[in-house]
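Hi everyone, thanks for coming. I'd like to walk you through one structure today, so please have a look at it with me.

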Amino acid sequence: MRQSKRLLISLISAPIIAWCVYSFTAKIYSQKAEISINIKSYRNANLLMFYNNNPLKFNNAKSCINQLIASQFYKKLDFTIPTIKDVQFLRLDLGELPSQFFIESVELKIKGAFDKKTLKTWKGNNISSLFGVYHSAQIVSRNNMYIQINALNDDPYLVFNNSVSTEMLQYYNQNKFDLPQLLASIIISLFLICLVYFFAPIFIFSGIRNGSVLIVGMAFIIGLVFINNEFKFWEDAENDENRSMAAKPELKSANFFSYPDEISNYTRDNFSFRNNLFLFHAAYMANIFHCSPMPEDVIMGKEGWFFDTEPGDINDVRKMSPVSVDEIVQIHENLATKCRWLHERGIKFYVLVPPNKHMIYTEFLPKGYFVTKDIGVNRADFNTEHLKKHSNINFIYPIDALKQAKNRHEVYYKTDTHWNLYGGFIGYSELMKMIQKDFPYLKPAQEDDFIFSTFNSNEGDLAKVAGLKNSYGRTEILMTFKDTSKSLFLPKSSEITINYNNNKTIDGSNLKLVMLRDSYSNYLIPFLNLHFKKATYIWSYDFPDKLIEEEKPDVVIFESLQRFMSVAFTIPNPESVMSNHK
């Protein structure tokens with residue numbers, strides 16, 4: 001009798017469960033269209049994308065908006081269209097003021113709950129083929145890299161032709177039958193119906209007592225992970241770990257005994273939902289408990305400020321770093337040897353140490369990171385004081401200037417270990433004060449020479465490590481010369497050696513530069529390039545004596561972040577440099 005009641009309840013609930021589950025999965029698997037445009041302009045503009053599923057009924061069109069900040073750099077604007085059918089009519093409005101727009105690429109994407117795919121990309125010359133109507137706008141230049149469009153003030157806009165809708169229609173026709181959604185609906189429905197049958201309310205408590213609920217639940221989770229590993233119904237979130245994930249091993253006679261460890265490593269790195277679960281855990285820890293999900297790597301400070309956990313950085317900000325006589329003597333002799341060797345060749349030498357972020361934004365560290373007394377020192381302060389007293393080395397540690405400048409603009413990223421472009425400018429300004437003593441005709445750029453603008457991005461190395469890049473973005477500060485004849489050019493951060501030639505320096509100098517550096521110089525290079533006719537930037541702390549003798553520069557700059565100072569300044573000099581001073 002009891003079994004027949006279970007069966008009856010299951011049969012009655014089955015169609016309701018199936019309908020609810022199918023509706024739920026339909027929403028999860030619903031796909032949106034996205035038009036991604038990589039564009040820049042020298043004037044701020046609000047860009048609107050109008051969309052509709054009927055090209056003849058523009059009055060019914062809806063819109064989405066993006067703000068384009070004036071900049072010399074391209075920015076990717078994503079226009080999301082709720083349903084893929086709405087791409088039958090697309091119109092891009094170019095703002096209200098006359099402007100010049102440079103478009104590098106246009107991408108058509110499909111966004112689902114678990115994945116994003118790019119259907120087609122148009123670049124350079126091919127972009128012009130996308131538009132059928134240019135209203136108060138015209139293409140004035142095109143090449144393999146970009147097209148330039150001049151927009152007038154009489155309601156400028158571009159109407160897309162059927163290129164995008166054709167791509168979308170083709171995709172839609174090929175994917176009308178959504179097998180993953182159907183399979184997911186069937187699996188979830190069967191599971192829920194089984195739960196109703198086996199765990200009717202009268203037996204729920206007894207089921208909990210004897211553990212059957214936990215057994216079935218765990219079996220379901222393991223089965224779901226296994227099925228998804230094989231068939232990939234749900235795509236996992238993108239992995240931002242800065243390492244290679246373990247590859248799936250093959251069982252061979254050579255690795256028979258090591259295979260269990262290899263397959264375990266592969267499973268640990270690649271099991272389904274791994275990244276989504278990590279992102280959920282990160283958001284849960286950060287938003288509910290207000291603490292770092294990766295406390296061994298990232299400190300979550302006040303008001304969204306993140307800091308690294310490097311012990312040396314913490315000891316410096318708390319003045320707990322021990323005083324090492326051997327280290328300071330080694331640093332002194334090492335730098336002094338470089339300085340003498342360069343002086344013999346008529347080359348000026350400057351050492352720049354950007355402070356750790358902890359030193360500038362101490363007030364945003366958690367309460368426990370307080371300054372101690374009579375235990376140790378801040379190594380950068382100690383080295384600066386020692387070198388100024390006991391050597392003639394030009395040593396620049398711009399901590400005071402950065403602390404003053406942060407009252408005007410942020411000088412470091414909230415969610416990154418690095419300073420931003422404005423922080424780099426302050427470091428450049430302090431460096432140039434020292435260089436001007438030897439080259440008084442140089443005219444450094446001033447803060448008033450620039451127009452400042454900002455935009456938000458989801459970059460930030462600390463936020464990525466913590467799995468919080470989508471929740472905690474960073475503010476990018478852009479600096480554009482008011483004098484449009486001058487420009488800043490950012491290097492590619494991954495380049496180890498950068499050679500730069502400038503036939504038109506802002507102060508007419510013909511100086512040559514060689515710079516040893518780390519990643520902090522990425523935001524120094526655009527400003528230094530304004531003054532040197534030729535510059536070579538080397539991402540290394542090793543002293544390149546042979547290169548220096550070949551290039552015969554007027555200036556050598558050695559830049560090292562405070563965190564790396566003990567390593568950078570104690571690397572032995574080449575024998576050819578040492579031999580001159582034995």
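N383 is found in helix α11, residues 379-390. Helices here are DSSP runs of H or I with at least four residues, strands are runs of E with at least two, and both are numbered from the N terminus. Is N383 buried or exposed? N383 counts as buried because its relative accessibility is 3%; the cut-offs are under 20% relative accessible area for buried, over 50% for exposed, and partly exposed in between, with a 1.4 Å probe and protein chains only.

A quick word on what you're looking at. This is a predicted model, in which local features need pLDDT of at least 70 and side-chain atom pairs count only at pLDDT 80 or more, while totals for chains, interfaces and linings use all residues. Residues are numbered from 1 along each chain as its sequence is written, and side-chain values use heavy atoms, with hydrogens and water left out.

Now the whole chain. There are 18 helices and 21 strands, and 45% of the 582 residues count as buried.

On to the cores. By nonpolar core I mean a set of buried Ala, Val, Leu, Ile, Met, Phe, Trp, Tyr and Cys residues joined through side-chain atoms within 4.5 Å. The largest one has 82 residues, and L528 and F569 touch the most other members. Helix α13, residues 421-438, gives the most to this core, with nine residues. Not counting residues up to four places away in sequence, L528 touches Y428, L431, M432, L513, M515, Y537 and I557. Apart from this core lies another, of 36 residues, including I84 and L92.

And the strands? Six of them form an open sheet with mixed pairing, in the order β15-β14-β21-β19-β20-β18; two strands pair if DSSP finds at least two bridges between them. At the edges are β15 (394-396) and β18 (497-501), each pairing on one side only. β18 pairs with β20, residues 534-538, in the antiparallel sense over five bridges, and there I498 has Y537 in β20 as its bridge partner.

Finally, another pair: β16 (residues 450-457) and β17 run antiparallel over eight bridges, with T454 bridged to I477 in β17. Strand β17, residues 474-481, is mostly covered, with six of its eight residues buried.

How values were computed. Contact = heavy atoms within 4.5 Å.
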